Structure formats: structure tokens, C-alpha cells
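Here's a quick tour of a chain worth looking at residue by residue. Have the sequence and the 3D view open as you read.

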Amino acid sequence: MLNFIYYPVSWILWFWHEVFGFVFGPSTGVAWALAVVFLVFTLRAILYKPFVHQVRSMRKMQEFAPEIQKLKKKYGNDKQKLAAEMQKLQGEHGVNPVGGCLPMLIQVPVFIGLFHVLREFQPYKQENYVFDRADVVSFNDASIFGAKLGASVVPYHGALPLADYHTTIPQMMVVMIPLMIAAGLFTHITARHSVARQTEAQLANPQSAIMNKLTLYVFPIGVVIGAPFLPLAILFYWVSNNLWTLGQQRIVYNKIDREEAEKVVRKVETQKNLAPKVGQKPAPAARQKKPGAKPIGPARAGDSSGSGAPASNGTPKVNGSSSGSAKSNGTGERAAGEVTGNGDSTAAQRNGQPSAPTKRSRKR
């Protein structure tokens, strides 16, 4: 029923066994153990991009977590409306929760497929999917310090006893105990690395707290307790899978942290470029015409205001002041007409020539 999983897994395992069998020998335990390890590495390399997408989705989920809490408070009693608003919010932020769970969802059938293929390496089998009889014999003869890769300390349902594999419990435990400890330790470290990335709001959530305890303590202990019931080759799969996950988390998290830091730096630089420099005056605002006002023209010579408007009494200005104002004696007794009666005085002053004597000066 699950041949679409079993055949790809067996094909990848067969390929790597051919590679390492050419170097170490086809019936050696090292060749088969490395084939299992690189089967894991191949599958995890294929899932690298989905894993990066998962991390980015988790980061975005953390960013709009307060908005999710607001929706839960607002539509707590209406589950259908809450689901619709959550979907709308996720669409606006470009988050796909299913995509974030994709790597984990794919690893489960891979683990099942590998377990099934390794279990089918029974000594009496004539073939095992893409493996022929010679490969079945080679797998059962392969051992590491006397421990057989297809055997388990406590035989699972349908498995053969250790005597049929020509090994003993002490031989199995010599190899199995270090792998059990390594598998549990890497599982704990990987979970701790993930928990350290959570926000304070997530850590305060009761459901998250329960899941964190499960991943930090229950799962590692479960690996150690369940190891004797699994084929030895599965432990190689478990150790290599957690080791890859630990290294991949560090690489991806550091990469995303650098991207976030670069975004912050670019944002700060953009704000600095837009802000006025120290001591720089802001640019003057352009003069705009008010509704109903006269057209704004260029300033005329002699106009101290620079507005280009004529004087209020229609008389020209000399040296920036009206000719009708007498500043010489401060009495103001000379009227505008006495100085500029025919305009000759003003014209003479403009041309640099002495003005003609006035009527009062001739009488004197």
C-alpha cells in the first residue's frame, strides 16, 4: 500500500550502499551504516528549502502574535468567524501554517519507510524491494563489533531472535548504548535550541509550555527507552537525523538573524539620509498664490519689500524711501509735491547731476 514510499527509500539506500560498498566492501557494517546515514542526509537536503520556509513562517507568526490574541478575544465564541479572520490575517502576512509543518510531515513517512525496508531484511527473504538475494545476505552478514544492523535487543513483532543473526545481547549493547545516549542527547539539544528561539508570549502560553517539556525531556527519554525495541540501523538513522537537524538549525537561524540585522541597518541608514543634516536650514517653502490674489510678479528696482507692488500714494521711491518724507530735519514740512513737482529733481538725482534750484531757494 505504501510502495510509493518504500521504493524511493530503498533506491536511495541501495545507491549509497553501492558507493560505500565499493570503498569498504559490500558486506561490511561500515558500508551499510554509512548508507543509512547518507540516506538521511539526502532526504534532509531535499527538505532544506521547506525547512527554511518553516523557520520564516514561524518568525512571521511571532511578529503578528498580538493580532492573533486580539482576534481570539474578539471572536472567541464564534469559531467559524475566528477561523476566517485567522486565514485572512495569515494571507495578509504571507504565512502558511501547513508549509511550516511540511518538513515534519514528510519525515514521518520516511521514518516509517526506512523502518519497513530494514525490517524486511530477514535472513530468509529472497528480495527486498530493489535489493536482491545477495544484498539481503550482505546486510545480515554486516556487523559492527559483532552487533548486527538488522537485529534488535528485544525482538519486535515478526522479528527473528538474536540467535538467528549470530549475535548476542552484550555485543548489541556495546554499540547500542553509545547510540542511545547520542540520540537522546542530540534530541534534547535540538529541542532546547528551538525553545530558545521562542518569544516571551509563547513561553507563557500553557500549551507551548507543555509541548516544550515534551520535546525537551519526554522525547529524548523515549528514544533511549525505545532503542532496544528497534533495529540497530534505526539508531544510526536517529542519530544522524538529529545531528543534521542541529547543524541545520544553527545555519538557518544565523542566516535569518543576519538578514534581520541587515534590514534594521538599512532602515536606520534610510532614516539618516532623509533627515536634515546638523546646521542645515530647512528648504524655504515655495510661495503659493492665494485664491483671489493678484498675480505675483518679479520685484522692481527700488522696491524695498521685494513684492513688486507700487507705493500706496503712487509716488516713486528714492533710495528705498518715499520722496514725500523729509528725514533731514525731522519736521516733515516739505510735502511730496515740493520735491517732486515736475519730477526734475528726482531725475537729476538718479542721473547723478545737481538738482535745479527750487522756487524758495531762488527767493533767498
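Is E120 buried or exposed? E120 is buried, with a relative accessible area of 17%, where buried means under 20%, exposed over 50%, and partly exposed in between (1.4 Å probe, protein chains only).

Before going further, a word on the model. It is predicted, so local features need pLDDT of at least 70 and side-chain atom pairs count only at pLDDT 80 or more, while totals for chains, interfaces and linings use all residues. Residues are numbered from 1 along each chain as its sequence is written, and side-chain values use heavy atoms, leaving out hydrogens and water.

As for confidence, pLDDT (the predictor's confidence in each residue, from 0 to 100) averages 74 over the chain, and 67% of the residues score at least 70. Two stretches stay under 50. Residues 301-356 have 39 contacts beyond four places in sequence, a contact being heavy atoms within 4.5 Å. Residues 358-364 have two such contacts.

Back to E120: its partner is K125, with the closest N and O atoms 3.0 Å apart in a salt bridge. That term takes a side-chain nitrogen of Lys or Arg within 4 Å of a carboxyl oxygen of Asp or Glu. K125 is partly exposed at 24% relative accessible area. A search of the whole structure finds one salt bridge.

Next, the helices, which are DSSP runs of H or I with at least four residues; strands are runs of E with at least two, and both are numbered from the N terminus. T187 sits in helix α8 (residues 169-195) and is buried, at 9% relative accessible area. Beyond its neighbours within four places in sequence, T187 contacts T215, F219, P220, V223, W238 and N242.

F219 also turns up in a nonpolar surface patch of about 500 Å², together with Y217, V218, I221 and I225. Such a patch joins nonpolar side chains (Val, Leu, Ile, Met, Phe, Trp, Tyr) within 5 Å, from residues with over 30% relative accessible area and no salt bridge. Y217 lies in helix α10 (residues 206-226) and is partly exposed, at 44%.

Finally, the backbone. Most residues other than glycine have a negative phi.

Notes
Patch = residues over 30% accessible without salt bridge, like charges linked within 9 Å, V, L, I, M, F, W, Y side chains within 5 Å. Areas by Shrake-Rupley, 256 points an atom, 1.4 Å probe, with all protein chains shown as cover.
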